Amino acid sequence: MKKIVYTVCSANHLAHSKTMADSFILQHPEYTLYIVLVDRVDERFNLNSFKPHNIIEISKLGIPNFAEFTQGYTVIELNCAVKSFAAQYLFREFSPDILFYIDSDILIFNSLSIVESYLIKSNIVLTPHYTTPLPEDGLLPRERDILRSGLYNAGFIGFRNSAETHRFLVWWSGHMQTECHYNFEEGMGVDQNWLNWVPLFFEGVQLAPDPGLNVAYWNLHERMLSEREGRFWVNEKYPLLFLHISGYDFNLPGQLSRHQTRHNLSSIPVLQSLLHNYTEKVRANGWDFYSGLSCAYAKPIQKSRGIMKTINQLLAPMNIKINKIK
């Protein structure tokens, strides 16, 4: 059985991608891993330093109307939009039986064999952000924030090589061509909230309920982390499979995520230790160098001025920022 895993990033996140890749291959040596680079190498760094992982530049994917596609999005939007095209490319070129997509800011702790078992009968595996209601405490994120951004997290998706999976990818990439924006007024939450439709539109979609999958700030109200004899657990009985480290700033190590206000990292010492160790791994993989690299593609974000600045000041307590695109 042929198995492939891939991630997507621009050059400034290559240290994160290598860290995720190393952690994944440690648990799954039978997989081939691809880093899809939403950028150009341009001799700025040594590709050999990423071996045994493979790097594919976005220009190789055969994305229709490539110039318009890359210039129509900000860097974050473009990275999100590329996922579906990259999956189509990998299926087309290598015909894997199983394909995983994993965000670059994820760290793997155990085998994802449970996901593989789902893909024996299912075509697509999605992970809900959480499966029990958030506390009504007025803190972020609120349930309406998750409704807006998407019920399922697009940082991890499992695919089986099937006609239904290919039908899904045609549909998803069709929307990603021009509709992968951060524009909540227009109902767009990049690639993620499009996934809300997937269980309704497509057959064989497994919503993975496993507490050890995709542990992150958005589900800590229902998932307690602990450590026993060097292994990490969720709610004392489920192995931690992977941690999604979204919105964590290495320069603000006391803050869990810029996207949330509910959890105080100092009150979760196991997670605090995991994030410290993660930071050391990413730094060792060249974060100081790669984080300073600019992206060759995508529109720059124009800084807010005048009334836009005033609006953003008013929205800041709600952790919302509006960007105007040139």
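Start by selecting Cys295 and Cys9: the sulfur of Cys295 lies 9.9 Å from that of Cys9, its closest cysteine sulfur, which is too far for a bond. Keep in mind as you look around that this is a predicted model. Cys295 itself is partly exposed, with a relative accessible area of 22%.

Next, select Cys180 and Cys80. How many disulfides does a search of the whole structure find? The search finds 0. Cys180 is therefore in no disulfide: the nearest cysteine sulfur, in Cys80, is 5.1 Å away, while a disulfide needs the two sulfur atoms within 2.5 Å. Is Cys180 buried or exposed? Cys180 is buried, and its relative accessible area is 0%.

Color residues 75-94 for α3 and residues 163-176 for α6. The two helices pack at an angle of about 145 degrees, and their axes are 9 Å apart. Their crossing is left-handed.

Now go to the largest nonpolar core, which has 58 residues. Leu14, Phe45 and Leu112 are among those with the most contacts inside this core. Zoom in on Leu112: leaving aside residues up to four places away in sequence, Leu112 touches Phe24, His28, Phe100, Ile102, Phe156, Leu213, Leu241 and Phe242. For a last stop, select Val82, Leu169, Val190 and Trp194, which belong to a second, separate core of 43 residues.

Notes:
Residues are numbered from 1 along each chain as its sequence is written. This is a predicted model: local features need pLDDT of at least 70, side-chain atom pairs count only at pLDDT 80 or more; totals for chains, interfaces and linings use all residues. Side-chain values use heavy atoms; hydrogens and water are left out. A nonpolar core is a set of buried Ala, Val, Leu, Ile, Met, Phe, Trp, Tyr and Cys residues joined through side-chain atoms within 4.5 Å. Buried means under 20% relative accessible area, exposed over 50%, partly exposed in between (1.4 Å probe, protein chains only). Contact means heavy atoms within 4.5 Å. Axes are lines fitted to C-alpha atoms, for helices over the stretch in contact, and angles run from 0 to 180 degrees between N-to-C directions. Helices (H or I, at least four residues) and strands (E, at least two) are DSSP runs, numbered from the N terminus. A crossing is left-handed if the near helix is turned anticlockwise from the far one by less than a right angle, and right-handed if clockwise.
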